[in-house]
Every structure is written in C-alpha cells, then in structure tokens.
Amino acid sequence: MKAVRLQCCVPFCRHTRGPRKGDRFPIEEGMDWICATHWRLVHPDAKRLQKRAIAVVDRLDEKHNAMQQLGRSLDIVSPTFYDELHKVAYRRELKLRQARRAWERCKRQAIERGTGI
C-alpha cells in the first residue's frame with residue numbers, strides 16, 4: 001500500500017509531505033497543508049488566531065472527555081450534569097468552526113501571496 005502524501009494547497013507548488021511520527025491525525029485524502037515556504041507568507045496575526053483557536057478546541061476536547069468519563073464512572077444521571085456536558089460540547093463545536101475559519105483565512109492568505117494576487 002502506497003502512503004498518502006499531501007501536496008501544498010498553493011497552486012503550482014510542488015512541495016509534498018508524508019506521514020510524520022508526531023502527527024495528531026493520520027494523513028487522509030482531502031486534507032490541506034501549507035508548506036513552510038508559503039506558511040512564512042501568512043500574516044502572523046492570522047497564524048496566532050489559528051493557533052489559539054486550535055488550543056481552545058483541544059482544551060474543550062479534554063474537558064468534554066473528562067466529563068464523559070466522570071459521568072460514566074459515577075453513573076451520574078443528573079440533568080444539570082448533562083446540561084453542562086452539552087454546553088461544553090456546543091462550545092467546542094463553535095470553537096471548532098472558528099478554528100476552521102481561521103485555517104481557511106491562513107490558507108487564503110498563503111494562496112494569494114504565493115501566487116502574487
């Protein structure tokens with residue numbers, strides 16, 4: 001089986017990358033990636049916004065998982081507990097959308113500046 005390689009999302013850029021040891025998610029078809037050459041062209045504020053959004057999503061993921069494990073281990077059936085669990089899940093979805101928008105902004109900047117638009 002041939003390993004999937006990601007190509008830089010900037011048109012006509014020939015940089016690719018394969019799976020790496022420290023990757024959070026396995027590489028799949030349809031994923032986006034920006035090479036280091038084009039990542040340097042993205043404005044630092046856009047990078048910072050994207051990094052912070054991902055950090056918030058990660059924290060909410062940890063909180064949601066911990067609350068789920070606590071609920072299972074203690075057999076909690078309290079409606080207020082599950083209301084809080086749903087609030088965390090909803091907030092995570094909102095922040096995930098924000099992180100996706102921040103990534104799209106970074107990608108758009110890399111493409112525009114990489115192609116000279």
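**Helices and buried residues**

Author: In α2, A46, Q50, A53, V57, L60, H64, M67 and G71 are buried; buried means under 20% relative accessible area, exposed over 50%, and partly exposed in between (1.4 Å probe, protein chains only). Helices (H or I, at least four residues) and strands (E, at least two) are DSSP runs, numbered from the N terminus. This is a predicted model, in which local features need pLDDT of at least 70, side-chain atom pairs count only at pLDDT 80 or more, and totals for chains, interfaces and linings use all residues. Residues are numbered from 1 along each chain as its sequence is written, and side-chain values use heavy atoms, with hydrogens and water left out.

Reader: What covers the buried residues of α2?

Author: Contact means heavy atoms within 4.5 Å. The cover of the buried residues of α2 includes α1 and α3 (79-115).

Reader: How far apart are the end C-alpha atoms of α2?

Author: The expected span of a helix is 1.5 Å times one less than its number of residues. For the 31 residues of α2 (residues 44-74) this gives 45 Å. The end C-alpha atoms agree with that, being apart by 45 Å.

Reader: Is H38 buried or exposed?

Author: H38 lies in helix α1 (residues 36-39). Leaving out residues up to four places away in sequence, H38 touches C8, V10, C13, A110 and G114. With a relative accessible area of 10%, H38 is buried.

Reader: What is the relative accessible area of Q109?

Author: Q109 belongs to helix α3 and touches V42, H43, A46 and G114, not counting residues up to four places away in sequence. Q109 is buried, and its relative accessible area is 16%.
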